[in-house]
Structures are given as structure tokens and as C-alpha cells.
Amino acid sequence: MAGILAAPQQNKGALLLLVAAALALAIAIFNDVWSGNGIHGTAGALLVVISSALMLIAASALLFATRMGRGPRGTLLVLIGLDIIGTAMAAYMLEATGLLAAMAIALLGWLAHLTFDHAPGPSAGNTLVQRGAE
Amino acid sequence: MNCLRFRALGVSCLLLVSGAAWSEDTPPVGTKTAAVSVAAVNSTSAGNAQSHQNLSPSSSPEQIVGAMHYDGWYTFNGNLEDQKYSQVDQITPQNVARLEKVWEVHTGDVSNGRGEIPLSDWSATPLFVNDTVYVSTPFYRIFAIAPDTGKVKWIYDTHAALKALTQPDLKTRGVAYWQAASPQPGTPCQKIVYIGTMDAKLHAVDADSGKKCAGFADGGVLDINKWNTTNNKWPLSILQPPTVYKDMVFIGWAGKDWADAEAPPGTVFAVNAQTGQLKWTFDALPPEAAKKTGTSNVWASMSVDPEHGILYLPVSSPSPNFFGGDRKEELPLATSITALDADTGKLLWSRQIVHHDIWDYDTNSAPVLVDIKKDGQTIPALVQSSKMGIFFVLNRLTGEPIYPIEEIKVPQSDVAGEQSSPTQPYAATPAPTMPDRFPGISKLADIASFGECSRTLKGLRYDGRYTPPSLRGSLAYPSTAGGVEWGGGAVDPRSGTYVVNSSYVAQIYKLLQRNDYEEKTKNGTPKGYYPQAGAPYGFYLHNFVNFLGMPCWNPPYGTLSAYDLNSGKLLWKKPFGEIQKWGFYMPKSWGSVTIGAPLITRSGLVFIGASMDARVRAIDLKSGEEVWQALVDAPAVANPATYVYRGRQYVVFVAGGNTILKPQASDQVAAFALK
């Protein structure tokens with residue numbers, strides 16, 4: 001657990017999470033404003049816009065806030081995990097398959113961040129974090 | 001009169017209003033001549049000069065082309081017999097997956113009710129006739145649309161006041177069409193489209209040019225409110241397109257029978273199709289009773305047996321809806337199926353389906369006419385669906401039941417002054433869509449509301465079907481919300497397969513002493529309160545939902561069923577549609593409350609919108625399985641239409657929405673065809 005809460009060695013997982021969150025936000029906004037999808041303008045559609053936006057912000061923090069302490073980082077990871085689950089459930093009930101797919105990618109990114117990004121040893125892909133630490 | 005007014009509280013609907021009828025212990029009658037007023041009107045007076053018009057006999061397009069070959073949709077119900085059946089068969093269960101939207105029209109006539117214009121509820125069946133799709137809008141305009149491209153040919157504007165004079169929202173269910181048997185080229189108004197308005201006007205418009213027919217009534221407009229002479233408290237709103245048969249136009253109307261004990265009596269008017277001259281009138285209420293009650297009107301569509309010249313009326317309940325203590329005399333034609341001689345308006349027979357209606361169980365759709373093969377005989381039959389979910393299958397020439405109708409003992413009212421009927425008609429075959437007992441409290445809704453549903457139920461009176469309204473509050477299941485709504489069912493006349501959608505809504509009926517009602521409404525009338533002015537009780541009606549808006553009763557909330565009318569057996573029954581709350585779809589097994597009817601095609605497909613989820617669907621007639629669906633902009637609460645034009649079959653849906661289902665309105669007409 002301590003390893004997971006420490007600063008990651010690389011950021012591929014967080015990057016994937018960031019991309020998925022951005023994709024989710026785009027889909028959620030589109031669903032909220034496009035009139036032909038059965039959910040536009042509903043509270044549920046707005047809810048996933050907000051949850052996706054929060055996920056994007058959190059993923060950005062995970063990626064770029066390299067000096068974040070263990071406590072905040074751990075809290076952020078838990079919140080992102082809950083956000084993914086909640087948004088995925090909402091997407092399922094909204095029958096928003098695109099958003100559901102984005103959440104599946106986000107989940108992969110989140111899991112990758114928990115595992116591969118924290119694996120010991122240098123990584124050629126550990127670029128952003130290393131640069132941020134310089 | 002009708003009524004029904006729910007308000008969407010999300011998962012469930014809110015509700016309603018309208019008519020109530022009565023009769024004490026009146027057993028159903030076959031041929032009946034009770035106190036009704038049928039006035040034959042001298043048609044040589046009134047009206048306007050017809051110098052520029054040929055008064056010619058008419059035929060329906062179906063009569064001209066031949067019923068078995070007609071590929072149009074020329075009435076609200078597809079044909080006069082209300083079969084909602086099409087002979088066309090290009091789209092089949094095998095290729096329906098290739099159906100795609102080929103054109104759409106946005107009329108611009110939509111309101112969310114937040115401004116000065118009331119909310120729009122749009123349930124207009126598009127007609128296809130005269131090589132044109134005709135549809136009315138809730139702003140009371142007619143759009144004439146090219147059937148293959150969606151290009152608008154012309155628009156006619158009634159300039160009707162956009163005010164909720166009798167209904168809470170702006171409504172229309174479509175237009176009607178008449179044409180001369182031999183239209184004279186170059187002569188206007190040989191083909192006429194009719195549109196009604198909430199302010200009681202019927203406009204006659206030339207079907208080719210979109211110009212008003214000056215020879216019809218007063219410059220093309222018939223004001224039926226000029227005949228509103230008894231208890232004239234509100235205009236006779238023409239929201240349902242009239243029924244056209246030969247050279248006659250039969251006009252029913254809607255009002256608000258929850259507002260007053262004394263209301264306009266439900267007169268049906270028959271006028272000449274070209275001149276608007278009154279030919280006959282029909283009243284379901286005796287004149288003496290009409291003064292102190294009212295309505296028992298025909299606000300839904302009618303059907304016609306062209307072979308026998310019989311007009312069938314679904315007669316609604318008398319006013320006020322939920323208290324009959326001031327109308328205890330027999331009103332045998334109220335809440336009935338009534339058959340008239342179409343040419344004269346004379347009563348042939350009537351069968352009451354609810355005695356002394358105090359539930360607002362209006363007969364709310366045209367009976368479906370079909371020949372049934374039973375015991376080696378072919379019987380001219382009709383099927384009357386109902387808000388109670390019960391089906392009455394009758395010989396349409398005599399009114400006698402084909403499947404047994406029994407008088408069952410029902411709970412009695414405990415309200416001072418009321419005298420409820422000790423029995424009510426009940427038909428076990430075909431099986432009612434709704435169970436005879438309340439399906440129980442939804443555990444999910446009960447837990448989510450910390451037991452609110454269970455606590456509420458304990459305080460209510462419930463003794464099964466026909467539990468009367470009470471001062472403590474009664475559980476109504478089925479309720480005025482249905483059961484089967486105004487769309488009714490559709491039938492394949494070849495096989496006798498009858499398809500019908502049904503809602504399952506529990507509501508709470510509570511009478512309020514006049515003083516209590518006045519106290520509750522002294523600062524304005526909250527939603528669900530209905531005055532029944534002139535009666536000793538006001539009324540409060542609401543859906544049985546918890547504080548979250550969740551239905552307190554177990555699903556399903558909507559089904560689609562198919563019956564074999566030759567045997568009376570249920571063929572299949574499935575949850576239909578999906579409920580949506582805040583955009584979230586509930587489990588498919590729950591089904592959806594529905595508004596609007598199905599249609600059947602010769603190829604064995606059922607097309608239907610109707611559900612809360614704003615989807616339109618095709619169903620395999622044999623299996624009941626969904627074989628196609630598409631999203632539209634709002635719930636398609638209008639009956640769909642289908643036709644063939646230049647060798648291609650189209651299915652057209654009007655997606656207008658209705659706040660009974662959910663707060664989503666649109667102005668979309670969408671046509672689908674094979675790729």
C-alpha cells in the first residue's frame with residue numbers, strides 16, 4: 001500500500017486515465033446537448049458531465065501534481081475509483097454506451113496507475129513526472 | 001368528457017381528470033331507447049351559399065380504391081373501422097432492421113410552458129391521403145407534407161388563441177379528411193382537411209391549396225360553441241379530429257368535467273361535410289339530467305361500420321367526475337358504447353360499461369370493428385377497450401356480448417350523499433390487462449422512502465376493483481390513468497389478432513368536504529385538486545408515489561399484449577417500453593406507462609411509439625419480440641401511420657411528448673423507410 005501511495009515511477013496509467021476522462025467529458029457534453037439521444041438535457045446527463053469533469057481534474061492532478069503527499073494522493077486515487085464506478089453505473093442506466101466504454105478505459109488507466117506506474121525501477125516512459133521533478 | 005391529466009413526476013405520472021357517469025344498478029342493455037335526445041335538424045337552413053362548390057357525394061379513398069388494395073392512412077385510426085391495420089407489407093420482420101429515418105419535419109410549434117404559451121402535448125396521427133401527409137400541430141396549424149421527401153407543401157394557420165381554455169396544455173390529435181366521390185379538377189374544396197381548435201372552431205381547408213373553404217359554415221369556420229347553450233361554462237374544445245363518413249362530419253369535443261357539477265352536456269354534432277350545416281345532434285344525457293350534471297361527451301375517436309351505416313360512440317362519464325350524489329337517476333348512456341344510425345343519429349343500441357361512474361372511467365377510445373370466427377360462425381363484432389383494462393367484445397349489430405359479461409358485486413361508497421352501484425360489468429374473456437387486485441407495495445420504493453409507501457397504504461381504503469372515492473382516501477387500481485388509454489388497440493382482421501398497450505397506474509382518490517377544499521385552495525389551487533364546484537365535495541387526486549417520485553406499487557407499469565379474438569385467448573403479453581427518471585432508464589421488466597396506440601401491418605409487424613423513453617419500435621406480431629427501435633426527440637404519444645408512396649413504404653411517427661409521461665416536448669415528425 002505504501003508503494004501505491006508513493007510518487008509513481010512512471011505515468012502511463014495516469015495518462016490513460018486522463019485521456020479517458022477527457023473522452024468521457026466530451027461524450028457526456030455531447031449527450032447533454034444533442035437532442036437525438038433520449039437523455040439530452042436531463043439531470044442524469046448533467047450529472048455525468050460533472051462527474052467526468054471532476055475525473056479529468058483529478059487525473060490531471062495525479063499526473064502533474066508530483067509533490068502531492070501520500071495522504072492526498074491516496075485520497076485522490078480512492079475518489080477517482082469511486083468516480084469511475086459511479087459514472088459507469090450512471091452511464092449504464094443512461095444507456096450511454098460511449099460513456100460506458102470511456103469508463104472502461106478509465107478503469108484500465110486507474111488500475112495501470114496503481115500497478116505498473118508504481119512498479120520499481122526506472123522507465124523510459126516516465127517522462128512527464130521526471131520532467132516535472134527537475 | 002374526458003380528462004386525464006397526469007403530470008410527470010418522473011417515474012410515474014401524476015394525473016388526471018374528467019368525466020364520470022352513472023347509473024345505479026342498471027344492468028347492461030342490448031337495444032335501448034332510454035331517455036336520450038336525438039334531434040333531427042332541418043338542414044335546409046343556415047349555412048352559407050355554395051355557389052362556387054359542387055355538393056357532391058363522397059367516398060373514402062378506401063372505398064374508391066378498394067379496401068384490400070388501399071395503401072394509405074386516411075383516418076385517425078387508419079380506417080373507419082378503427083382497425084389501425086395496413087395492407088402494405090414491404091417492411092417485414094426479416095428486413096425491418098434496415099429501417100432508417102428518411103425525413104423529418106420540425107414544425108416549430110412546441111412550448112415548454114415556461115413562457116406565456118402553455119405547454120404543448122402533441123398526439124396528432126398523421127394522415128396520408130391525396131398523395132400528401134397531413135398533420136395538425138398543438139398551435140392549431142395544418143402542415144401538408146410531401147410523403148417521400150418531407151418537403152412542406154403548405155401550412156394553414158387557424159390563428160386560434162394559444163390558451164389553455166379547457167385543458168391544462170395545448171393539444172391536438174390530428175386532422176380529418178373528406179373528398180368528393182368524383183372530385184372536379186379546378187374546383188376548390190372537393191377535398192377537404194378539417195382541423196379543430198381548443199376554442200371550439202372547426203376549420204375546413206382545401207386539401208390541395210391549403211386555403212380555407214369559404215362555403216363551409218361561416219367562411220370556412222364552424223363555431224360549435226354556438227350550440228353550447230346548456231351550462232355554458234367553457235368552450236367545447238375540438239381536440240380529437242372529427243369522424244368523416246359519406247357527406248357527414250361527426251364532431252365530439254372535450255372540456256373539463258372535474259371543474260363543475262353542472263357542465264355542458266356531451267352533444268355530438270353531425271354536419272354536412274361541405275357546408276357545415278347541422279344535420280343531427282345526439283345527447284347521451286336526458287334533458288332533465290343535463291341541467292344538473294353534464295358532459296357524458298365523446299372526446300375520443302369514433303368508429304363506423306360502413307356496411308351497415310352504424311356510428312359507434314365511446315361515451316364518457318357525466319360530471320362531476322368523482323361524486324355522483326347529485327346525479328343518482330339512471331343515466332344508461334353514460335360511460336357506454338353507443339351505436340347510432342349514422343345517417344339520422346338515432347339510437348340503435350347502447351351498453352354501459354360502468355354504472356354510476358365515480359372513477360372517471362370514461363369510455364375513452366373508439367371500438368375496434370372486426371369480424372370474429374367463433375363456433376363456426378362469422379360474427380360482426382367490436383372490441384371496446386377500457387381504462388379498467390377490461391375488454392368488452394360485442395356483436396356490433398345488436399350490442400349483445402360475444403364473450404360473457406357478468407355483473408359483479410363491488411364495494412359500496414361510505415360517503416354521505418353518494419349512492420354507488422352495487423354491481424359493475426366485468427368480462428373475464430379476453431383476460432383483462434390489469435390484475436383484479438393491487439399488485440402490492442414496491443419494496444424498493446418503500447425502503448427508499450423509509451416506509452412511506454406502506455404507511456400511506458394503511459391509511460387508504462382499498463377493497464379491490466371499483467373501490468369508491470372516500471374522505472380518507474381510496475386506492476384506485478386501475479385508476480383513471482388506465483388501463484388502456486385513448487389510442488385503443490389494433491387488429492389484424494385476417495387472423496383476428498388484437499394488439500393493445502396498457503398502463504398500470506395506482507392513484508389515490510380523496511374527496512374533501514367543501515370547507516376543507518376551500519381551505520386547501522385558498523391561496524391557489526395546488527396540483528391535483530379539482531373543485532367539482534356545485535357538489536358538496538372537492539377532490540384531490542394524485543399518483544401513489546413516494547417523496548422521491550417512485551411508484552409505490554410493484555411493476556409492471558406498462559405492457560403490450562396480443563389476443564386471439566376468435567378464441568379470446570391471450571397470445572402473448574410483455575413489458576413494453578422503459579421508464580425514465582432524470583434520464584436514467586429503469587429495468588426493462590418494469591415496462592412504461594404508455595400513451596398512443598399501435599398499428600399492425602399485413603407483413604406481421606406492430607409499430608408503436610407511446611412509451612416514456614422516446615423510442616419508436618417494431619414488434620413481431622407472432623412472438624411479441626422487439627425487432628427494431630429508434631430514438632425520436634420526445635415520446636411519440638401519437639398513433640403512428642404507414643403508407644406506400646411511389647413503391648416505397650413509410651412509417652411516420654409524431655414525436656410531440658406529453659407531460660403525463662415526462663417533461664419533454666418536441667415538434668418532430670419523423671418518417672422511416674427501408675434503406
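Twelve residues from chain A and eight residues from chain B make up the contact between the two chains. The model is a predicted one.

**Contact, side of chain A**
- Two or more residues each come from helix H3 (43-64) and helix H4 (70-94) of chain A on the side that touches chain B.
- H3(A) gives the most to this side, with three residues.
- Sorted by class, the side of chain A that touches chain B holds five nonpolar, six polar and one charged residues.

**Chain B overall**
- Chain B has five helices and 43 strands.
- Of the 675 residues in chain B, 63% are buried.
- Taking contacts in chain B between residues at least 6 apart in sequence, 67% join residues at least 24 apart.

**A four-stranded sheet in chain B**
- Strands of a sheet pair through backbone hydrogen bonds, either parallel or antiparallel.
- In chain B, four strands form an open sheet with antiparallel pairing, in the order E5-E6-E7-E8.
- Strand E5 (127-129) and strand E8 (152-157) of chain B are the edge strands, each pairing on one side only.
- On average, neighbouring strands of this sheet are turned by 20° against each other, direction ignored.
- Three bridges join E5(B) to strand E6 (residues 132-136) of chain B in the antiparallel sense.
- Within this part of the sheet, Tyr134(B) in E6(B) is the residue opposite Leu127(B).

Definitions and conventions
Residues are numbered from 1 along each chain as its sequence is written. Chains are lettered from A and ligands numbered from 1 in the order in which they are written. This is a predicted model: local features need pLDDT of at least 70, side-chain atom pairs count only at pLDDT 80 or more; totals for chains, interfaces and linings use all residues. Two residues are in contact if their C-beta atoms, placed from the backbone, lie within 7 Å. Ala, Val, Leu, Ile, Met, Phe, Trp, Tyr, Cys and Pro count as nonpolar, Asp, Glu, Lys and Arg as charged, and the others, Gly among them, as polar. Two strands pair if DSSP finds at least two bridges between them. Axes are lines fitted to C-alpha atoms, for helices over the stretch in contact, and angles run from 0 to 180 degrees between N-to-C directions. A residue is buried if 20 or more other C-beta atoms lie within 10 Å of its own, exposed if 12 or fewer, and partly exposed in between; C-beta atoms are placed from the backbone.
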